[in-house]
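The following report describes the architecture and selected local features of a single protein chain. Please consult the sequence and the coordinates alongside the text.

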Amino acid sequence: MAFCQITKEEFLKHCEQVNEKSFFQSIEMAGLLSKRGYDVRYAGFKNSQSEIVISTLLFCKKMAGGLYMELNSGPLVTDDAYLEEFYQSLKNYAKREGVLELVVKPSQAYQLFDSVGNPISEADTQLIEKMVQVGFKHDGLQTGYPNGEPVWHYVKDLQGYSTTSLLQSYNKNSKRNIKNSESYGIRIRSINHKELSAFKKIIEETGARQGFEDRDSGYYNSLFESFGTQADFLVAELDPKVSLKQIEKEIETSARNSKQYAQQVQKLLKKQEVVQNILNQTQTAPIFLACALIIYDVNEATYLFGGSYSEFQSLSAPFLLQYEAMQRAIKRNLKRYNFLGIQGIFDSSDGVLRFKQNFNGYILRKAGTFRYYPYPIKHKIIQIIKKIVK
């Protein structure tokens with residue numbers, strides 16, 4: 001039995017043997033991290049028959065006095081009887097490599113909740129207990145986004161749904177917004193590499209409005225290149241001229257003998273006015289309204305991030321985007337759609353949660369972050385020096 005570095009090919013072969021994994025533990029993510037300047041390594045734990053039973057992607061970067069090493073959303077396990085030995089060996093490996101801080105963010109779920117935050121499973125405390133016993137320090141069970149990491153995930157189970165039955169699983173508000181968005185003739189499509197700057201611009205505007213910092217252009221380019229067909233850069237697009245023709249046609253074909261005729265026409269005229277104003281202001285066709293980056297893996301599609309322009313809010317494009325993304329996930333026979341982060345606070349203050357609740361999913365809480373300092377005195381001295389310098 002031995003902990004060792006393994007090849008990319010060995011890691012990929014072991015990936016194919018596991019039932020559950022995150023996109024973060026993938027060859028594509030390794031490519032992205034490498035392009036971003038990280039030292040990426042593959043590690044494995046072999047049993048007495050020299051079979052890999054645990055594998056993981058590790059990434060490192062230089063820090064004052066040594067290396068920072070992280071294991072995120074892993075490891076990949078085909079025999080959990082070796083987990084304790086794996087983590088102990090990982091600590092020893094980090095020490096040999098001159099790592100000052102080893103950070104582990106396990107993929108296992110700590111507890112499940114329904115859509116509004118009521119527990120639907122018992123808390124699994126064994127992982128935390130074992131990690132602490134092995135010698136890791138736990139950051140604790142937290143809310144919000146500690147160090148920018150989502151530890152509460154909002155997830156939609158896609159099993160049992162087809163692309164046509166999916167809509168009926170959403171709540172009334174979601175159905176209404178999707179229908180509204182479709183009535184404008186909004187198109188959802190994947191963009192090409194040349195359109196990345198326009199995609200990024202939407203995220204920038206959203207970040208400025210909601211108070212988060214966007215990534216640099218290099219990140220988008222590297223992700224696009226590294227993930228290829230395993231990533232969808234989706235946009236909601238409106239061609240005002242096409243939309244106006246569609247609305248005009250609906251007005252013409254409205255049943256005049258219907259009791260709701262006047263009301264229907266009034267709604268259509270209002271929509272016509274909205275689109276005409278957009279055309280007058282932009283004088284371009286088509287235009288982007290919203291965007292979403294979707295990552296596909298073995299069983300799961302992950303909504304990594306997205307954004308929208310506030311001035312087009314009435315067109316409900318983000319709802320249609322999510323609907324299309326889930327339909328694409330179903331076509332790939334994926335089991336889940338992971339919306340990723342929410343705060344884990346259920347007092348109605350989390351607007352992100354309120355949006356995701358429209359799709360009737362459930363909540364998955366991770367155990368959080370664990371840290372090990374192979375050279376604790378050296379690490380502490382460096383931290384003191386940093387504070388003094390600041």
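## Local backbone features and overall build

L340 is buried, as its relative accessible area is 13%. This leucine belongs to strand β14, which covers residues 336–342. Although L340 is not a glycine, its phi is positive, at about 60°. These values, like the others in this report, come from a predicted model.

A positive phi also occurs at N147, again a residue that is not a glycine, with a value of about 55°. N147 sits in the loop that runs between β8 (137–138) and β9 (152–157). With a relative accessible area of 65%, N147 is exposed.

The peptide bond between G74 and P75 is cis, with omega at about -5°. P75 is placed in the loop between β4 (66–74) and β5 (76–77).

P75 is also one of the residues in contact with S55. S55 is part of strand β3, residues 52–63, and its relative accessible area of 0% makes it buried. Leaving aside residues up to four places away in sequence, S55 touches I6, F11, H14, A43, G44, P75 and L76. With H14 there is a polar contact between the two side chains, at 2.7 Å.

The relative accessibility of several residues discussed here is listed below.

| Residue | Relative accessible area | Class |
|---|---|---|
| S55 | 0% | buried |
| C60 | 1% | buried |
| C291 | 2% | buried |
| L340 | 13% | buried |
| N147 | 65% | exposed |

How many disulfides does the model contain? With a limit of 2.5 Å between cysteine sulfur atoms, the count is 0 disulfides. For C60, the nearest cysteine sulfur belongs to C4 and is 16 Å away, and C60 takes part in no disulfide. C60 is counted as buried because its relative accessibility is 1%, a value under the 20% limit. C291 likewise counts as buried, at 2% relative accessibility.

Turning to the chain as a whole, the secondary structure consists of 12 helices and 16 strands. The C-alpha trace spans about 80 × 45 × 40 Å along its principal axes. The chain has 390 residues, of which 50% count as buried. Among contacts with a separation of 6 or more, 75% involve residues 24 or more positions apart.

The accessible surface of the chain is about 19600 Å², and carbon and sulfur atoms contribute 48% of this area. There are 50 positive and 42 negative side chains, and the centres of these two sets are 3 Å apart.

Definitions and conventions
Residues are numbered from 1 along each chain as its sequence is written. This is a predicted model: local features need pLDDT of at least 70, side-chain atom pairs count only at pLDDT 80 or more; totals for chains, interfaces and linings use all residues. Side-chain values use heavy atoms; hydrogens and water are left out. Buried means under 20% relative accessible area, exposed over 50%, partly exposed in between (1.4 Å probe, protein chains only). Helices (H or I, at least four residues) and strands (E, at least two) are DSSP runs, numbered from the N terminus. A polar contact is a pair of N or O atoms within 3.5 Å; within protein, one must be able to donate a hydrogen and the other to accept it, and residues adjacent in sequence count only if both atoms are side-chain atoms. Contact means heavy atoms within 4.5 Å. Accessible areas come from the Shrake-Rupley method with a 1.4 Å probe; for residues, only the protein chains shown count as cover. Lys and Arg count as positive and Asp and Glu as negative; His and the chain ends are not counted. The place of a charge is taken as NZ of Lys, CZ of Arg, CG of Asp or CD of Glu.
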